Amino acid sequence: MAAAAAALSHASSPFSVFLVRSTPCASILGLRFLNASASFQGKFGPRGVVPTSRSRNLGHPTVAVRCSGGPIKARPSSELRRSPSLGDDEKLRALRELFSSPGVGIDAYIIPSQDAHQSEFIAECFMRRAFISGFTGSAGTAVVTRGKAALWTDGRYFLQAEKQLNKDWVLMRSGNIGVPTTGEWLNDVLTPGCRVGIDPFLFSSDAAEELKNVLSKKNHQLVYLYDFNLVDKIWIESRPKPPAEPIRVHDIKYAGIDASSKMISLRSQLHEAGCTAIVISMLDEIAWLLNLRGNDVPNSPVVYAYLIVEIDSAKLFVDKSKVTQEVLVHLENSGVELRPYDSVISEIESLAARGANLWLDTSSANAAIFSRFKSACDRYWESLQKKTNANFGQEKIQLPESNGSPTGGPSGFCRPSPVTFAKAVKNDAELEGMRNSHLRDAAALAEFWAWLEEEVHKTPVTEVEVADKLLEFRSKQSGFLDTSFDTISAYGPNGAIIHYRPYPESCSVVDSKNLFLLDSGGQYVDGTTDITRTVHFGEPTSRQMDCFTRVLQGHIAIDQAVFPERTPGFVLDALARIPLWKIGLDYRHGTGHGVGAALNVHEGPQSISFRFGNMTPLQKGMVVSNEPGYYEDHSFGIRIENLLYVKEAETPNCFGGIAYLGFEKLTFVPFQGKLIDLSLLSAVEVRWLNDYHSQVWEKVSPLLDGPALKWLWDNTRPLSK
């Protein structure tokens, strides 16, 4: 297939973007948007791409899975193997050879972690960055020039990347002082006026625009390679096949609200915003809105699809082979038509031709969608300009610029997706499912820990074997579907690798000489779990006990927090760190992330993090994790994690006439008493710990018998100073 490139133009344009502050909107389901919004008209905006003459005449690019069919199934850790492929040097050499291919002509290529939907977890056939670099962490960006290769990742993965990258790669520790961004680094290593290529389907519109602005400082050109991904051209024989398992309907008893009602609320938001359509590309948003679930992405019950909702219609762009008769009837009853997955771009262009006012979340909609819609708008307005001028003879008439679409033509409104916030605020049925699934999960963990505490003293057991055994116990619980992420089974020094993943050929044996960190979760038909416990099967050192207890104190501080409504999560983050700060320690990750209800284990927009740019307020019904930690490189790691949901707090006062919020626990698994230095805990903290263990016994013991019941009893006895 002939390649075509479109370069971002730095030339001035009559197109202008304005930013306004939007305010929360009430609606049936609480659909709302909270952040800055932007509006554009095809005639009036500086963003997007200007296609080369070569690309103007091409057909619509394929945006679907660019590999051939076959299912991908979740597997236990012991079955994971690295695929045979080209050697690392050969990969980079083959990639660089493509830089000079006809229609490409670039000097550097950027390979992000994401798929076309900006997913954190992606299907194996889209793990391009892992293939080209050898680094398998879930977050990172690879950049390859004609002479250099560098990989950026955050503090969760520094140690893992050090182990996995070979000598051809330079590790860029994002967030550390003095470490440049990808764009800044390219500006340093490339001579001015170079061409930097990206796959526009793998970058959000916002990310591409930001990158373009940085590169323009050295007169570099950002080149959109629409028709194929360069990594795909060299990843052939070993590339996994795309997912092909059927979609299923998410039962109303777990969803709480039917898809038709959710669509009514969304359309109300469209009407209030003056929009006639919205494109939704985030997979969990589509799954939530339509009450559908899939198995396209490991650990995440979503399906690869796009959704366009108009005032009087809706279209789901999906591989029709995954649609069962039950799902087809469900969609028809919800007023949703099916379209081929790879026809979304042509539909986006058709919307512009029909004069649609399109709502776009530029933080998630990929740059290909945005740029093609913007180009279609430009064509519409250029055609109208010509017709207008023709009607008035030789006199040139300038079309009016305004904040809407006064002439009835197409326009775009760039705002956060209203589905994001509606999904984050769980309804009663979703919270009930989360509570129930967490209790079953707790029973599985009690059985697991009872087994492991005995097994570790009898026979050698590896990190992978531990993860597989946990999967075995979870699989026995009703409604279990999959793990919610790859289990982090990390002994000793591996625990300091924040998102460690054991492999059969290189994992450690778990014994009684050091700490063992286990971060795991389950996907159930009614909920999603995520829990971390750190234990020692021998005698912990005083240093380990001191660090563990301070992490526990931070965990308790978050759990007990009471705060006014409209408080963003970053305000609470310091509460978890203060006990560590007191002795000059800290950790390199946020304290909490949002969690979906029978959906993605990581969801936005809410978080509890030191990254203070996220101004999303915590709201009643949101689910967040509470997971402070501490990590000593090459020695051990500690993390304690429960899931919580936000509830109204009972306070004797109501200052300012606003409500105050707090948290309710979802996770009920005991903490190991031997790791706690009670002399560091206050009386209030000891009381919290004993109250929690009392609740664990009360809620989980009815689900157990035999050794697991005895283990739970032994580990929930009251502690005293």
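Helices (H or I, at least four residues) and strands (E, at least two) are DSSP runs, numbered from the N terminus. What you have open is a predicted model, in which local features need pLDDT of at least 70 and side-chain atom pairs count only at pLDDT 80 or more, while totals for chains, interfaces and linings use all residues. Residues are numbered from 1 along each chain as its sequence is written, and side-chain values use heavy atoms, with hydrogens and water left out.

Colour the chain by burial next. Of the 721 residues, 60% are buried, where buried means under 20% relative accessible area, exposed means over 50%, and partly exposed is in between (1.4 Å probe, protein chains only). Then look at contacts, meaning heavy atoms within 4.5 Å. Among contacts with a separation of 6 or more, 74% are between residues 24 or more positions apart.

**Stop 1: the cores**

Select L186, L289, L290, L307, L316 and I348. These residues have the most contacts inside the largest nonpolar core, which has 88 residues. A nonpolar core here is a set of buried Ala, Val, Leu, Ile, Met, Phe, Trp, Tyr and Cys residues joined through side-chain atoms within 4.5 Å. Helix α13 (residues 367-391) gives the largest share of this core, 8 residues. Now zoom in on L290: leaving aside neighbours within four places in sequence, L290 touches A259, M263, L307, L316, H330, L331 and V336. A second, separate core has 76 residues, including A443, Y630, L678 and L689.

**Stop 2: helix α12**

Select residues 344-353, which form helix α12. How many of the residues of α12 are buried? The count is 7 of 10, so this helix is mostly covered. The buried ones are V344, I345, E347, I348, E349, L351 and A352. Just after α12, click on G355, which takes a positive phi of about 80°.

**Stop 3**

Show helix α15 (residues 428-455) together with helix α20 (residues 706-714). Their axes come within 8 Å and cross at roughly 90°. The axes are lines fitted to C-alpha atoms, for helices over the stretch in contact, and angles run from 0 to 180 degrees between N-to-C directions. α15 and α20 are therefore roughly perpendicular to each other; angles of 65 to 115 degrees count that way, with under 35 as roughly parallel, over 145 as roughly antiparallel and the rest as oblique. On α15, pick A446, E447, W449, A450 and E453; on α20, pick P707, A708 and W711, and you have the contact.

**Stop 4: strands side by side**

Two strands pair if DSSP finds at least two bridges between them. Begin with β5 (residues 108-111) and β9 (residues 195-198), which run parallel and are joined by 2 bridges. The partner of A108 in β9 is V196.

Next, select the open sheet of 3 strands with the order β21-β23-β26, where the pairing is antiparallel. Which strands stand at the edges? They are β21 (488-491) and β26 (531-536), each with a single partner strand, so one side of each has no neighbour in the sheet. β23 (residues 515-520) pairs with β26 over 6 bridges, and L515 stands opposite H536.

Another open sheet of 3 strands has the order β20-β24-β25, again with antiparallel pairing. Helix α16 (residues 463-475) lies across β20 and β24, running at about 160° to β20.

**Stop 5**

Go to G604 and P605, which are joined by a cis peptide bond with omega of about 10°. P605 is in strand β29 (residues 603-608).

Now click on R566, in the loop between β27 (563-564) and α18 (570-581). R566 has a positive phi of about 75° although it is not a glycine. Is R566 buried or exposed? R566 is exposed, with a relative accessible area of 58%.

Finish at H634, in the loop between β31 (629-632) and β32 (636-639). Phi of H634 is also positive, near 65°, and H634 is exposed at 61% relative accessible area.
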